[in-house]
Amino acid sequence: MASISLRKLVKKFGELTVIPDLDLEIPDREFVVLVGPSGCGKSTLLRILAGLETIDGGEVMIGEERVNGVPAAKRDIAMVFQDYALYPHMTVRQNMAFALENKGADKAEIERRITEASRLLDIGDYLDRRPKALSGGQRQRVAMGRAIVRDPKVFLFDEPLSNLDAKLRAAVRAEIKALAQKIRTTMVFVTHDQIEAMTMADRIVVMKAGVIQQVGKPEEIYERPVNMFVAGFIGSPAMNFFPVTVEGDDLRLQTGDTVPGHAVPGFATLSAGQDRQIVLGIRPEHLDGAGEGKGEGVPITVDLVEPLGSDTLIHFTLGDVAAIARVSPDLRLAPGDRVSLVPAPGKARLFDAESGKAIQ
């Protein structure tokens, strides 16, 4: 077990700088998820930690050791890949034992570790099977078992759930989180799926174009995003963004030329924004449906309805902005219906339209 420290990290591919200047501290025993869109540098960062990529500046510390020039085999890390990377001609037991045998570990110790890992992951019945006789979820658990038996300082996960179907993905996601709680080893998990990040992480690192946008606990990232990129990336469906104007002591939604702006509750004493353009961000679940023609909310026309059982997503357009609200299924809405949406007090967030930064 060990902490991780990345200081002034720079990575280039030829003339292209993919990580310009990155600092990140990961304490011992923490489960950190790197999340961001494709090309943001998260997988490159993981490969740097693993020793599979060199760096062009800065330093990488694992525990008290500077590992800049240390090859992957000597870093005492274990990596779980997206494609499992199991040896097809070996049984599950042989796959799990392979790295330990290469290190010259005692046979009794190897068997003890395999037994313990098999118990943790519930794969004891598969030890004598080959990978082709296993399902995708079983193969992924074997890949995790192979990493666990090594008892490494750090676990690295490179989008290990991408090849699984939705139901199995949710099940394996829960297994990985439960595993993290049991073995309490430093873990770094890479994904582009913000739901995985929210449900699994002790802390989330949101990246864009090789730059860390925000680091924090899942609830902090969700409730207090530092900019519009984080606010729009974390959350499903994504946060809605509406241009607003400051009129006296009121903050008002710009709803088009023919409809007067509607005051947004919770910003009556707004002092910022008199001399700049402001964007209001509000999540779909914070737009409460008040029913047809009822309430003091913003009247909208329903464009599309997506019933989900426990709730319903309604698509609508406000001014020039396409948006989504998550409402009660009891409203029984259909395209063309009129409904009032009431922004939940205190839940909206304000952003500077030019810089995208949150206005505190």
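How many bridges join strand S3 to strand S8? Five of them do, with S3 (residues 31–35) and S8 (residues 186–191) running parallel. Before the close-ups, some housekeeping: this is a predicted model, where local features need pLDDT of at least 70, side-chain atom pairs count only at pLDDT 80 or more, and totals for chains, interfaces and linings use all residues. Residues are numbered from 1 along each chain as its sequence is written, and side-chain values use heavy atoms, with hydrogens and water left out.

**View 1. The open sheet with its strands in order.** Six strands line up as S6-S7-S8-S3-S9-S10, with mixed pairing. Strands are DSSP runs of E with at least two residues, helices are runs of H or I with at least four, and both are numbered from the N terminus; two strands pair if DSSP finds at least two bridges between them. S6 (77–80) and S10 (211–216) sit at the edges with a single partner strand each, so one side of each has no neighbour in the sheet. From one strand to the next, the twist averages 20°.

View 2. Axes here are lines fitted to C-alpha atoms, for helices over the stretch in contact, and angles run from 0 to 180 degrees between N-to-C directions.

**View 3. Gln138 in helix H4.** H4 covers residues 136–148. Gln138 has a relative accessible area of 14%, so it counts as buried (under 20%; exposed is over 50% and partly exposed in between, with a 1.4 Å probe and protein chains only). Ignoring neighbours within four places in sequence, Gln138 is in contact with Tyr126, Arg129 and Ala133, contact being heavy atoms within 4.5 Å.

**View 4. The Lys11–Glu53 salt bridge.** The closest N and O atoms are 3.5 Å apart; a salt bridge needs a side-chain nitrogen of Lys or Arg within 4 Å of a carboxyl oxygen of Asp or Glu. Lys11 is in strand S1 (residues 4–13) and Glu53 in the loop between H1 (42–50) and S4 (57–62), so the pair ties together parts 42 residues apart in sequence. Both residues are buried.

**View 5. Arg113 and Glu109 within helix H3.** Their closest N and O atoms are 2.9 Å apart in a salt bridge. The two lie four residues apart, about one turn of the helix. Arg113 is partly exposed at 22% relative accessibility, and Glu109 is partly exposed at 25%.
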